[in-house]
Amino acid sequence: MDLTLYNTLTRRREKFVPLTKGKAGLYTCGPTVYNYAHIGNLRSYIFEDLLKRVLIWNGYNVKHVMNITDVGHLTSDADVGEDKMLLAALREKKSVWKIAEYYTKSFKKDMKKLNILPPDIWSKATDHIPEQIELIQTLEKKGFTYIAGGNVYFNTSKLNDYGKLAQLKLDAEMQARIKDDKHKKNPHDFVLWFTKSKFEAQEMKWHSPWGKEGYPGWHLECSAMAMKYLGKQFDIHCGGIDHVPVHHTNEIAQSEAATGKKPWVKYWLHNEFLVLSQGEKMAKSGGNFITLSTLEEKGFHPLDYRYFCLGTHYRKPLMFSYEALEGARSTTKKLVEKVLDLKKSKDKENKTKQQKYLLEFTDNVNDDLNTPKALATMWDVLKDDTLSGRDKYSLVLKFDEVLGLDLKKLRKEKIPQDIITLAEERLNARKKKDWKKADELREKITKLGYVVGDTQEGYEIMKV
Ligand code: AMP
Ligand code: ZN
C-alpha cells in the first residue's frame, strides 16, 4: 500500500508524493523552552518521530529540521499576553539565556529517553535573527507590512487566501482579537517585529532596520528557518492541532507572500491533544502539568509512555490516566519478556512466512500511521504458532524500527548491586510505611538512571 497521510490543508487523506523523488523534507515545530515539556507536548514529538520512521521505512531519505523557540512567544499564540521566556526568568531568577539553555537540555534528554530520533538540524530562533529580518524586508518590499505603534505588522488583507489551513471565517470571535491591539488594521494581522517592547526587562533584543532594540514575533522564526534549511517549498510540516488557526496559518501567510510560491508546504499533519479526565487539556501554564520525570518518579519507564501513545491513533484525543498507563506498562513488560525469550531461539528463519506480516504491518503504518493496528499485527505475530521463534524475533525487531520501543537493546540488563541495595532499602521502608524515605530512595534510584516499580513480589528495576 502507498503511504497515505491526512493533510490538514485539504482535509483529506492523500498519497504521499514528495517534491523530489526519494527525499522528504520535514519541519516540526519544536518546544518553547521556558519550562519542562509536559507529556502532552511529548505526545506531539512521539507522533512526529513515528511519521519520520514511517517515511524512512518507505525508503525516503528524510531531512528533518526542528526549531527551538527561545524568543518571541507570548502567553497567547496571538500577539497578546506576556513574554513566556521573560516570565520564566523572573520566576526562576535566572537570565533568559540560562532559562533557554536549561530547558533545551532537559527537552533533549526527554527525547532521548523516549527513543525519539534527533532531527538532522536543530535550529534556535535566536541564532537566526538576520534570516528573520531579511524575511521581513522581503515582505516589506512586496507591500505586505505596515508599521503601527512602532511595531511591524503583517497585513493579512493583502492575501486573498489567508486562513486557508484553518478554513478561517471572519467571525465574531476573530473580530474580538482586534480589540486586543488597537494598532491592527485587520483582526488577523500579526506582529513580525516588536520594536516597542511592552516588557521593560526584555533581555533579548537586536538592532534592526525598524529601531535600535527589538525582537521577532513568534511565527516568523519557523518560516525563516524552514526555508533556510528545506528550501522555498518543502514536503511536510507538523505540530499539535492548536497550531492550526494561528501559528501555522501565519507561517503560511508570510512564507507564501514572501516567495509567491504556493503551496509553501505540501502536507500539513497535526496531532490531537493528550487530555485529562473531563477533556481537560494539559497546558504548561496550568496546574495539571505532568512531565516525563513525574512518570519516572512513579516507577514508569519512559517507553511505557511511548507505548501508551502508540495505542491510540495520533488524530484522536488521548485520555491520560495512571491506570491506563499502568496497562501500557504491563503490556510492554510482557512484550519485553517475550522478546527476551525469543532471542534465545535457535530455529531457522522462513522469510516467505515473514512476508505476509511485513506487508500487513506496512499497510497499517502506511494507512495514515495507524499504530493501533500495527501493534495488533505485532501481537498476532507473537501468537502465531506457525511461525518459528526466530521468525517472530526478526519480525518484531523489524517492526520496532517504526515503533521505536528499543526492543533490540532490551531493558533487562544486569542491574548493578548498588541499585539493588537501594531498591531493597526502599522495599523495607515501604514495609515500615515510611513513605518519605521510600520516595527519597526512589528519587535516588531515578537519578542513577533506573526506575523502580512496585510489584506483588516486591519491586522490579529497569534501566532508563
Ligand atoms: P510548545 O512548547 O508549547 O510550543 O508546544 C510544543 C508542541 O506540543 C506543539 O506542537 C503543541 O501543539 C503540542 N501540544 C501542546 N499541548 C499539547 C497536548 N496537551 N497534547 C498534545 N500536544 C500538545
Ligand atoms: Zn512553528
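Visitor: In what sense do strand β1 and strand β2 pair, and over how many bridges?

Guide: Keep in mind that this is a predicted model. A handy general idea first: in a regular strand, side chains alternate between the two faces of the sheet. Here, β1 (residues 4–7) and β2 (residues 12–15) pair in the antiparallel sense, with four bridges. To see one of them, find Leu 5, whose bridge partner in β2 is Glu 14.

Visitor: And what about the hairpin of β1 and β2, how many residues sit between the strands?

Guide: Four residues, and Arg 11 has a positive phi there, near 55 degrees.

Visitor: Okay, next feature. Which protein donors does the zinc ion (ligand 2) have?

Guide: Cys 29 (SG), Cys 222 (SG), His 247 (NE2) and Glu 251 (OE), which lie 2.0 to 2.6 Å from the zinc ion. Written as a spacing along the chain, that's C-x192-C-x24-H-x3-E. The cysteine pair links distant parts of the chain: Cys 29 is in the loop between β3 (23–28) and α1 (39–57), while Cys 222 is in helix α6 (residues 218–230), 193 residues apart.

Visitor: Are those two, Cys 29 and Cys 222, buried or exposed?

Guide: Both Cys 29 and Cys 222 are buried.

Visitor: Why does the site of the zinc ion (ligand 2) count as irregular?

Guide: Four donors count as tetrahedral if all angles lie between 85 and 135 degrees. At this zinc ion the angles among the four donor atoms run from 72 to 129 degrees, and the site is irregular.

Visitor: Last one: how many residues of helix α9 are buried?

Guide: In an α-helix, residues three or four places apart point the same way. In α9 (residues 302–310), nine of nine residues are buried, including Asp 304, Arg 306 and Phe 308.

Conventions
Residues numbered from 1 in each chain as written. Chains lettered and ligands numbered in written order. Predicted model: local features only at pLDDT ≥ 70, side-chain atom pairs only at ≥ 80, totals over all residues. Heavy atoms only, no water. Buried < 20%, exposed > 50% of the residue type's maximum accessible area, 1.4 Å probe, protein only. Helix = DSSP H or I, 4+ residues; strand = E, 2+ residues; numbered from the N terminus. Pairing = 2+ DSSP bridges. Donors = N, O, S within 2.8 Å, 3.2 Å for Na, K, Ca; no water. Tetrahedral: all angles 85-135°; square planar, octahedral: opposite > 155°, others 65-115°.
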